[in-house]
Every structure is written in structure tokens, then in C-alpha cells.
Amino acid sequence: MIANGNWDTILIVSPFGVYPMTESKERQEVVKSNALVEASYRLSLYEQRILLAAITQVRRNEEVTDKQFYYVSATDIAEQTGVGIDAAYGYIWKAVERLYERRLTLFHHPNGVGPIKPKKGQKGMTTRWIQTIDHDAPLGCVGFRFSKDVLPYLSRLSREFTAYSLADVGPMTSAYAIRLYELLQQWSSVGTRTVSITWLREAFDLGDRHKAINDFKKIVVRPAVEQINKHSPLFVEWDQQKTGRRVTHLVFNFGPRSERKAAIERQAREAERRAAAAREQMRELMKKKKPWEDAEHPILPGEEKGDYFRRIAKIRGLDQPKSKPAAVATDSAAADQSRCTNTPDMFEAVEGESK
């Protein structure tokens with residue numbers, strides 16, 4: 001075994017050579033300050049995966065420095081995501097190179113100290129995620145050091161932080177799903193969170209992308225919720241809120257999937273109980289059925305016989321007035337029109353003979 005910072009590692013032989021694998025199970029837990037969860041940044045899927053895998057190695061209750069390197073192996077990423085190890089190795093090296101250029105904007109200090117006072121003309125504090133890449137990392141691994149400004153949001157956290165298992169987001173294929181999952185886990189004790197669309201767009205650092213609300217819901221929100229419901233222990237339902245005619249907020253209601261399953265089962269049992277009670281009530285009514293009652297429509301409690309007949313007639317469509325027969329023409333004009341013009345009038349013929 002060899003020492004690797006704050007924990008012991010075992011050297012494992014892979015197709016790419018030797019890489020370190022930690023023995024500690026604590027590395028599977030992602031812990032972030034709430035201020036970092038709500039920071040404004042945009043990362044690709046593999047950039048997020050690398051960062052989260054490295055964050056699991058940071059000890060939250062211990063002081064760490066920006067001199068510490070953190071290593072992520074292609075095998076770890078392949079196991080978390082289900083991709084092949086060859087593909088994972090190619091992805092993580094490209095991602096770590098891009099990650100070196102990525103920035104984020106923080107608006108609050110860690111541990112709930114308060115908001116960051118921005119400099120003139122700036123909003124919050126903009127910094128980098130990592131400051132150094134180790135190009136001599138063991139084969140099959142990437143290594144880097146977190147920036148000095150980011151580390152306080154990952155270690156020595158005593159309050160206002162979010163923790164979850166790395167396995168909760170490992171299979172997700174949407175970077176937005178990972179971000180949204182963290183924002184919901186931050187409010188896990190409440191089970192609901194309402195956010196303005198403007199704030200969420202800023203947190204995701206979308207800029208001019210997906211500006212139309214329909215595009216935002218179709219490309220960002222819906223796939224993220226579907227991924228969370230499919231891969232994580234949470235089940236999420238969401239709706240939108242309007243201010244006037246404009247959609248301005250999103251409401252997320254969520255909770256453990258196990259609790260939702262239990263709630264669905266309770267609802268099913270209650271529906272069956274009500275259906276059984278209705279069937280029993282029908283049987284009791286049929287026991288009291290009068291000889292003249294309709295088998296499908298028993299008389300209601302307290303209903304008079306005449307009222308019952310009228311109700312059944314209405315149900316059967318027998319209460320509609322009958323159509324009147326066509327009126328017979330009786331006026332002289334109509335009678336004249338009905339005569340045959342080719343036959344002499346019998347009255348005229350009689351009058352002629354009498355003359």
C-alpha cells in the first residue's frame with residue numbers, strides 16, 4: 001500500500017498500467033457547501049464527474065491545503081457510469097484539460113458566514129475550479145489540485161452544506177440533472193423548493209442559451225427531472241408558476257422514492273376500500289329493491305315513486321316531448337294547388353249539365 005494524502009490506496013493493475021484505488025468508503029460521499037451548490041457555473045458531464053469523484057476524497061472535517069493532488073481513475077468513472085474503460089480514459093483526459101479553463105462565480109462564504117462583498121463592477125467572486133494538472137499521474141488516471149479559493153467550500157464545513165452519495169448521480173447522462181439534484185438535496189428536509197427561472201438560469205450559467213421558456217423546459221428541466229427519477233433515490237414532480245401571464249418560477253416537490261412507493265400503495269388501498277364500500281352499499285340497496293325498480297338504477301333513500309319514475313325516464317331519454325304530425329293543409333289556396341289541372345272540376349261539370 002502507498003500513502004495518498006489523507007487515506008491509503010492500493011495499486012491496481014489496469015490495461016493502462018497502475019492506478020490507485022481507495023479503500024475508504026467515505027470517498028463515495030460528495031459534500032459541498034451550500035454556497036458552492038448555488039454558485040454560478042457550467043460544466044460538461046465528464047467535467048462534473050471528475051470533480052465529484054475528486055470531491056469524495058476531500059475530508060470535510062479536516063484542514064486541507066491547495067498543495068494536495070487528487071487522482072481520478074478511468075476505472076472509477078467506468079464503474080460509476082457504465083461506459084467502457086477505453087472511452088472513459090479518453091473522456092477524462094479531455095475533460096480535465098477543459099476543466100483547467102473553467103470558472104465559477106461564488107456569491108456567499110462557506111459555513112453560512114454571509115454574502116461575498118463584490119468588487120466594484122463585479123458580482124460575487126469569480127475563481128477557477130483547479131489550479132494545476134499533474135501530467136505525471138499514474139497511467140489510467142488524471143490528477144489535479146483544487147484552487148485555493150474553492151477548497152474552503154469542500155473542507156472544514158460545520159454548517160449549511162449538502163451531502164449525498166456519488167452513486168446517486170453516477171449513471172446520469174445530463175449535466176443539468178446533476179446540478180438540479182444537488183439543488184433539491186440541499187432542501188431534502190423540506191421536500192419542496194420554488195426557484196425563479198432567472199435565478200436557475202444564472203446558477204446553470206446558461207447565458208443566451210435556451211432563452212425561450214419552452215426550450216428551457218424541453219432541453220433543461222424535463223430531461224433533468226427524468227434522469228433524477230430514473231437513477232437517484234428521489235422522485236421529483238414539478239410545476240410552473242406565473243406572475244401575470246408570464247412563467248416566472250418552477251416548483252419542485254420531491255421525496256425519497258421509497259416513501260412515494262408507500263404513498264402510492266396507501267392510495268391504492270384506500271381506493272379499493274372505497275370501491276368495496278360502494279359495492280356493499282349497492283348490495284344493501286338491491287336487497288330493499290321494490291318490484292317496479294330498475295335493476296341498474298335502484299330507488300334512492302327517501303325517493304318517492306313518482307320522482308323515481310321521472311328520474312328513470314330522464315336516464316332512458318323517455319322524457320322528451322313527442323314530435324307533432326305534420327299539419328294538413330285546409331286553406332283554399334292549398335286545396336286549389338292540390339287539384340289536378342287536367343281534369344274538369346266536377347262541380348263545373350254538374351252546373352253545365354243543369355243548364
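**View 1. Lys-242 and its opposite number in strand E13.** In this predicted model, Lys-242 stands opposite Val-247 of strand E13. Strand E12 and strand E13, the latter made of residues 246-256, pair in the antiparallel sense over 10 bridges.

View 2. Three strands, in the order E11-E13-E12, form an open sheet with antiparallel pairing. Strand E11 (192-196) and strand E12 (234-243) stand at the edges with a single partner strand each, so one side of each is left without a neighbour in the sheet. On average, neighbouring strands of this sheet are turned by 20° against each other, direction ignored. Helix H5 (residues 175-185) packs on the sheet and touches E11, E12 and E13, and its direction makes about 90° with that of E12. Helix H7 (residues 213-231) lies across E12 and E13, running at about 160° to E12.

**View 3. An edge-to-face pair, Tyr-41 with Trp-129.** The whole structure holds 8 aromatic pairs. In one of them, the ring centres of Tyr-41 and Trp-129 are 5.0 Å apart and the planes stand at 85°, so the pair is edge-to-face. The two residues are 88 residues apart, with Tyr-41 in the loop between helix H1 (34-37) and helix H2 (45-55) and Trp-129 in the loop between strand E7 (125-128) and strand E8 (130-134). Tyr-41 counts as buried at 2% relative accessibility, and Trp-129 is buried with a relative accessible area of 1%. Arg-179 lies over the face of Tyr-41, at 3.9 Å from the ring centre.

**View 4. A stacked pair, Tyr-176 with Phe-204.** These rings lie 5.6 Å centre to centre, with 25° between the planes. Tyr-176 belongs to helix H5 and Phe-204 to the loop between helix H6 (197-203) and H7, so the pair ties together parts that are 28 residues apart in sequence.

Notes. Residues are numbered from 1 along each chain as its sequence is written. This is a predicted model: local features need pLDDT of at least 70, side-chain atom pairs count only at pLDDT 80 or more; totals for chains, interfaces and linings use all residues. Side-chain values use heavy atoms; hydrogens and water are left out. Two strands pair if DSSP finds at least two bridges between them. Helices (H or I, at least four residues) and strands (E, at least two) are DSSP runs, numbered from the N terminus. Axes are lines fitted to C-alpha atoms, for helices over the stretch in contact, and angles run from 0 to 180 degrees between N-to-C directions. Contact means heavy atoms within 4.5 Å. Rings of Phe, Tyr and Trp (its six-membered ring) pair if their centres lie within 6.5 Å; planes under 30 degrees apart count as stacked, over 60 as edge-to-face and the rest as tilted. Buried means under 20% relative accessible area, exposed over 50%, partly exposed in between (1.4 Å probe, protein chains only). A charge sits over a ring if NZ of Lys or CZ of Arg is within 6 Å of the ring centre and within 35 degrees of the ring normal.
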